[in-house]
Amino acid sequence: MASTSSAGTITPKLHVLQYDYVCDVVEKRKPHREAHLSFIGKQVENGNVLLGGAVGSPPTSALIIFRNLTSNEIEQFAKQDPYVINGIVTKYTVKPYMAVVGDNLLNDDLIKI
């Protein structure tokens, strides 16, 4: 469950990393796709990524949902992602995600209301 500080503000366990892609991303990402998926796969193995994938058909952006990492740690992750390094991502943002409903597997990550 997300924690509440002494000031009463909620500190979420989840964050969303959003990528905006270049035009024609499906073609342009091909040389970097394996390295990108391997890079994210390490965070999946560590339990830090719950879900990730492209948005749209054809894709125009992507969302990756992180747990147990700070915004700064996710920023550092993004800066090292092969898609960012190689210009496949034109812009990225990291935002807290205040999830309140979800599958039982997410119980520890949800904000109880």
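This is a predicted model: local features need pLDDT of at least 70, side-chain atom pairs count only at pLDDT 80 or more; totals for chains, interfaces and linings use all residues.
We have an open sheet of four strands, and the order is S4-S5-S3-S6, with antiparallel pairing. On the edges sit strand S4, residues 49-56, and strand S6, residues 89-97, and each of those pairs on one side only. From one strand to the next, the twist averages 15 degrees.

Now, S3 and S5. Strand S3 covers residues 14-21, strand S5 covers residues 59-67, and seven bridges join the two, running antiparallel.

H3 lies across S3, S5 and S6, and runs at about 30 degrees to S3.

On annotation, UniProt has an unreviewed entry that puts a "domain: YCII-related" feature at residues 23-96. That span is 46% helix and 34% strand, and its end C-alpha atoms are 27 Å apart.

So, how many salt bridges does a search of the whole structure find? Two. One is lysine 30 with glutamate 27, closest N and O atoms 3.3 Å apart. Both lysine 30 and glutamate 27 are exposed.

The other one joins the side chains of arginine 67 and aspartate 109, at 2.4 Å, N to O. This pair links distant parts of the chain, with arginine 67 in strand S5 and aspartate 109 in the segment after S6, 42 residues apart. And buried or exposed? Arginine 67 has a relative accessible area of 18%, so it counts as buried, and aspartate 109, at 4% relative accessibility, is buried too.

Conventions: Residues are numbered from 1 along each chain as its sequence is written. Side-chain values use heavy atoms; hydrogens and water are left out. Two strands pair if DSSP finds at least two bridges between them. Axes are lines fitted to C-alpha atoms, for helices over the stretch in contact, and angles run from 0 to 180 degrees between N-to-C directions. Contact means heavy atoms within 4.5 Å. UniProt positions are given in the numbering used here, feature names are shortened, and annotations may be inferred rather than shown by experiment. A salt bridge is a side-chain nitrogen of Lys or Arg within 4 Å of a carboxyl oxygen of Asp or Glu. Buried means under 20% relative accessible area, exposed over 50%, partly exposed in between (1.4 Å probe, protein chains only).
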